Amino acid sequence: MPRPPKLPSPTFDLVHHTLSNGLRVVVAPDRSAPVVGVAVLYDVGIRSEPEGRTGFAHLFEHLMFQGSANLEKLEHFRYVQSSGGTFNGSTHFDYTNYFEALPSNALERGLFLEADRMRSPRITEENLANQLEVVKNEIRVNVMNRPYGGFPWISLPAVLFDTFANSHNGYGGFEDLESATTADAKDFFDTYYAPANAVLAVAGDLDADETLTLVEQHFGGITKRTAPTRPSFAEPALTAERRDTIDDAHAPIPAVAIGYRVANPVSELDALLALLLLAEVLTDGDASRLQRRLVQRDHLVTDISAYLGEFGDPFDERDPTALTITAHYPDAKALEGILRAIDEELERIVVDGLEPGELDRVRTRLVSTILRDMDAVISRALEFAKFELIHGRAELIADLPGRISAVTPDDVRKAASTLTPDRRAVLELIAGGAR
């Protein structure tokens with residue numbers, strides 16, 4: 001058997017430090033361009049929302065941009081933009097991030113801005129009411145009035161999982177959002193936005209010692225609070241197929257989302273990498289199994305994709321997570337044929353294995369994508385913070401090419417054997433609301 005190619009691994013000279021208030025810091029010098037990235041990840045996301053408060057993590061993310069201890073509303077925006085920088089934030093299932101990309105001479109400005117809102121965001125009735133309307137309009141635009149809006153990340157978890165933490169609508173229902181109070185927001189901040197519940201990553205054109213001095217200066221004085229104990233969100237594996245349907249009045253053609261419970265991303269990373277490569281074998285590019293079978297040969301679907309993680313990032317979540325296959329198809333009666341073809345292609349991999357060169361093709365492309373995604377300094381800062389928070393080790397991202405190289409065809413065959421009908425949830429989207 002030919003040996004898999006040894007793929008290039010990036011090297012990073014990271015400096016780790018923990019402040020007395022518990023804030024974990026990762027510094028990654030890179031003098032190749034005069035820019036820096038500042039990223040703060042808090043260990044709180046959609047799964048942390050209490051019942052009756054769907055969408056609260058995302059709503060709170062918006063509140064964090066509405067002024068802070070020493071800054072009025074919109075000042076954060078002006079300070080970043082006047083420096084020639086960019087900024088944003090996003091809410092995920094297991095964390096919320098905030099970040100800036102800045103010229104390197106504005107590094108201290110970025111650190112001050114993040115420290116100021118970690119110290120105390122401006123949680124007021126006015127800000128809450130304003131951002132509640134912003135979030136509701138976002139839902140109207142992105143979900144309610146858009147074809148396939150929120151499909152499948154909002155609706156599939158409710159079929160695939162059982163507990164509220166894993167299955168609820170992360171964008172939030174209007175009734176829950178409208179009942180949120182400033183007291184809820186302050187309690188959420190006090191509980192989850194402690195320095196000890198966060199990771200700060202700073203990457204780019206910087207000196208590590210000088211950066212740590214600035215970090216200590218701006219973040220060191222933030223009051224220490226105990227980080228909440230994260231509960232286990234694990235659920236037992238499925239033992240029977242689950243099915244459900246949703247109506248989409250705006251969708252021009254039907255769609256399906258098929259979710260499979262998969263390996264623990266943290267404790268079973270190598271098994272997850274085998275599943276990731278399997279997803280690439282199934283749907284990545286015109287040469288992939290399901291593209292050839294369902295798009296090119298049988299003409300059952302117009303497009304098909306497979307990915308890990310609710311938002312398509314396999315390293316974005318802790319357990320539980322899913323491998324999802326989505327497809328759009330013109331014939332509303334084609335669903336059973338699509339499911340049958342997917343099962344047959346998976347069985348072919350289990351019985352016959354992979355074709356010569358098939359695994360090398362997808363793994364080379366996958367590693368290239370991982371490396372390319374690390375080019376931008378802000379992407380590096382975000383990835384270091386994410387791997388430190390979720391996987392406990394920022395340097396793990398440098399190990400991925402080697403670990404992906406070590407995945408064998410038998411590993412992928414074993415991964416395919418776990419994707420059986422009795423371990424999946426099937427969510428059918430009815431186009432135009434017609435059954």
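Reader: Let's start with Tyr-148: in which loop is it found?

Author: Tyr-148 is in the loop between α4 and α5, where helices (H or I, at least four residues) and strands (E, at least two) are DSSP runs numbered from the N terminus. This is a predicted model, so local features need pLDDT of at least 70 and side-chain atom pairs pLDDT 80 or more, while totals for chains, interfaces and linings use all residues. Residues are numbered from 1 along each chain as its sequence is written, and side-chain values use heavy atoms, with hydrogens and water left out.

Reader: And what is the phi of Tyr-148?

Author: Most residues other than glycine have a negative phi, and most peptide bonds are trans. Tyr-148, though not a glycine, has a positive phi of about 60°. With a relative accessible area of 18%, Tyr-148 is buried (buried is under 20% relative accessible area, exposed over 50%, partly exposed in between; 1.4 Å probe, protein chains only). His-299 also has a positive phi, near 55°, and sits in the loop between α11 (289–297) and β9. His-299 counts as exposed, at 58% relative accessibility.

Reader: Which peptide bond is cis, going into Pro-152?

Author: That's the bond from Phe-151 to Pro-152, with omega near 0°. Pro-152 belongs to the loop between α4 (125–144) and α5. You'll also find a cis bond from Asp-319 to Pro-320, again with omega near 0°; Pro-320 is in the loop between β9 and β10.

Reader: While I'm around α5, is Leu-160 buried or exposed?

Author: Leu-160, in helix α5 (residues 156–160), counts as buried at 1% relative accessibility. Along the chain, Leu-160 and Arg-423 are 263 residues apart, yet 9.2 Å separates their C-alpha atoms. Ala-271 is in helix α10 and is partly exposed, with a relative accessible area of 36%.

Reader: Now the strands. How do the residues point from β8?

Author: In a regular strand the side chains alternate between the two faces of the sheet. Here Ala-255, Ala-257, Gly-259 and Arg-261 point one way from β8, and Val-256, Ile-258 and Tyr-260 point the other way. Seven of the seven residues of β8 (residues 255–261) are buried, so the strand is largely enclosed by the rest of the structure.

Reader: In which sense do β8 and β10 pair, and over how many bridges?

Author: Antiparallel, over seven bridges, with β10 covering residues 322–328 (two strands pair if DSSP finds at least two bridges between them). β8 also pairs with β11 (residues 424–431), antiparallel too, over six bridges.

Reader: Which charged end sits over the ring of Phe-189?

Author: The one of Arg-225, 5.1 Å from the ring centre (NZ of Lys or CZ of Arg must be within 6 Å of the centre and within 35 degrees of the ring normal). Likewise, the charged end of Lys-136 sits over the ring of Phe-174, 5.5 Å from its centre.
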